[in-house]
Amino acid sequence: MTDINRRRLVGAGLAAALAPLAAPLARAAEPYPSRPIKWVLPYLAGTGPDNTARILAEAVGPMLGQSVVIENRGGAGGNIGAKLVARAPADGYTWIYSAAPMAANMFMYKSPGFDALKDFRHIMRLTSADVVLIVNADSDIRSVDDLVRQIRARPGKVEYASGGVGTPSHLGVEMFLDAIKGSALHVPYKGASELCTAVLGNQVVFGAPILAVAYPQIQAGRLRALAVTGPRRNAVLPQVPTLAEAGVPGVELISWGGISVPAGTPDAVVERIQAAFVQALKQPRVIAQLQEQGGQVDIQEGSAYVDGFKREMRSTQAMMKKVGLEPL
């Protein structure tokens with residue numbers, strides 16, 4: 001074999017060996033984003049977070065110049081979707097709709113399969129929404145006082161629905177029960193939509209879903225809103241009091257959602273995503289769409305959003321200890 005042929009063979013072998021490394025390097029040189037983005041929703045379709053994320057995906061896509069595709073990966077209280085994203089490439093092409101249950105699940109489950117702080121870069125909180133205390137519109141319960149009286153008259157027997165163990169609809173009711181020194185029977189469902197269906201079907205007496213999910217049925221006169229759990233009345237239900245106004249102070253709960261990516265995602269990519277959402281959330285159409293379902297723009301960026309996760313984890317741990325909940 002001649003020296004020339006030998007050099008050719010060595011060169012070809014080296015090129016083949018380096019080929020697997022060349023593609024990632026080429027992709028790294030591409031401007032972000034250069035292809036569609038997957039936004040994982042660790043919840044079922046039709047839930048409050050799903051509705052919110054679809055509004056935001058439609059708005060932020062044009063800001064990035066790429067389509068943002070929603071992928072629902074519900075199950076295990078949101079753990080299935082969270083585990084999927086925690087193990088995804090840290091390249092900015094896989095997002096997760098991060099929310100309060102992601103933080104709560106660190107204590108709600110013995111082995112959630114991810115670390116809510118270490119496995120993600122939490123870019124920003126995007127929105128928040130009230131939780132609303134509801135009963136069937138045909139019920140003789142017309143106020144928070146009526147509900148409190150019934151709970152106290154039948155301790156541990158009045159049934160309430162939640163969207164799952166550890167969700168805001170579960171812990172919110174437990175906070176309410178703790179405040180009134182009462183007890184009720186918890187019936188968990190697979191999501192807030194099923195929670196509302198259970199109340200509508202008189203399978204349970206009450207529940208506390210995210211307002212975005214319950215609002216259409218409230219507006220149609222099928223569900224009755226007794227109180228909202230935020231610090232002030234909600235713009236779409238101005239006639240409905242807060243729990244504090246209804247005589248149960250000290251219980252404030254909002255559901256929030258944001259955007260997070262796998263840990264290790266480059267700063268430049270994170271900054272691009274953040275800037276796009278800030279721009280999208282300024283659009284009057286987006287603000288109006290969120291308000292129509294009882295939500296609002298509620299931006300917290302970077303470390304402020306991470307602090308929100310830490311507070312949620314502490315409050316979940318404290319509430320579980322107080323009501324005697326054991327990790328699943």
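Visitor: How do the residues of the lining of the largest pocket divide into nonpolar, polar and charged?

Guide: Ala, Val, Leu, Ile, Met, Phe, Trp, Tyr, Cys and Pro count as nonpolar, Asp, Glu, Lys and Arg as charged, and the others, Gly among them, as polar. Here the lining of the largest pocket has 22 nonpolar, 19 polar and one charged. This is a predicted model, in which local features need pLDDT of at least 70 and side-chain atom pairs pLDDT 80 or more, while totals for chains, interfaces and linings use all residues. Residues are numbered from 1 along each chain as its sequence is written, and side-chain values use heavy atoms, without hydrogens and water.

Visitor: What is a pocket, and what is a cavity?

Guide: Rolling a probe the size of a water molecule over the atoms shows where empty space is left. On a 1 Å grid over the protein atoms alone, a cavity is a set of points where a 1.4 Å probe fits but cannot get out; a pocket is an open set with protein on both sides within 12 Å along at least five of seven lines, and lining residues have an atom within 4 Å of a point. Grid points are joined across faces, edges and corners, and a volume is the space filled by probe spheres set on the points. The largest pocket holds about 590 Å³ of space. Of its 42 lining residues, Tyr 43, Gly 163, Thr 167, Gly 191 and Ala 192 are the closest to its centre.

Visitor: How many cavities of 30 Å³ or more are there?

Guide: The count is two. The largest cavity has a volume of about 50 Å³, and its lining includes Val 131, Phe 176 and Leu 243. By class that lining has six nonpolar, two polar and no charged residues. The second largest cavity has about 40 Å³, and Tyr 43 is one of its lining residues.

Visitor: In what order do the five strands of the open sheet lie?

Guide: Strands (E, at least two residues) and helices (H or I, at least four) are DSSP runs, numbered from the N terminus. Two strands pair if DSSP finds at least two bridges between them. The order is E7-E6-E8-E5-E9, with mixed pairing. E7 (185–188) and E9 (223–228) are the edge strands, each pairing on one side only. E6 (159–162) and E7 are parallel over four bridges, and Tyr 160 has His 186 in E7 as its bridge partner.

Visitor: Is Ser 139 buried or exposed?

Guide: Buried means under 20% relative accessible area, exposed over 50%, partly exposed in between (1.4 Å probe, protein chains only). Ser 139 is buried, because its relative accessible area is 17%. Ser 139 lies in the loop between strand E5 (132–136) and helix H5 (144–153).
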